[in-house]
Amino acid sequence: NMFDAIRVFVDTDRAGCALTRRSTTGLATMLGRHCVKHQSNIQSTIALSSGESEWYGLVKGTASGLALKSLLAGWGAHV
């Protein structure tokens, strides 16, 4: 198999926007040693704690990893 794993790295910054108090999420999706997607966005909901902000980031990262896995399965490459 060409790629051994899909890895997603996620980090959040709670209330990073001083104006709206919304948190920022950043993520990088790796296929083997290659970065195939990177993203940064402001969360749509206002998190009341850093744990809640991290949870929203975790959900976004999981969705990114599962989307890549589904895309690769459609191409016949199973990771």
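Modeller: Let us begin with the terms. Strands (E, at least two residues) and helices (H or I, at least four) are DSSP runs, numbered from the N terminus. Two strands pair if DSSP finds at least two bridges between them. In this predicted model, Val10 stands opposite Leu27 in β2, and Thr12 stands opposite Thr25 in β2. The model is predicted, so local features need pLDDT of at least 70, side-chain atom pairs count only at pLDDT 80 or more, and totals for chains, interfaces and linings use all residues. Residues are numbered from 1 along each chain as its sequence is written, and side-chain values use heavy atoms, leaving out hydrogens and water.

Colleague: In which sense do β1 and β2 pair, and over how many bridges?

Modeller: Strands of a sheet pair through backbone hydrogen bonds, either parallel or antiparallel. Here β1 (residues 6-13) and β2 (residues 24-31) are antiparallel over 8 bridges. Likewise, 8 bridges join β2 to the antiparallel β3 (residues 34-42), where Ser40 stands opposite Gly26.

Colleague: What is the order of the strands in the open sheet?

Modeller: The order of the 3 strands is β1-β2-β3. β1 and β3 each have a single partner strand, so one side of each lacks a neighbour in the sheet.

Colleague: Which strands does helix α1 touch?

Modeller: Contact means heavy atoms within 4.5 Å. Helix α1 (residues 50-74) packs on the sheet and touches β1, β2 and β3.

Colleague: How many disulfides does a search of the whole structure find?

Modeller: A disulfide is a pair of cysteine sulfur atoms within 2.5 Å. The search finds 0.

Methods:
Axes are lines fitted to C-alpha atoms, for helices over the stretch in contact, and angles run from 0 to 180 degrees between N-to-C directions.
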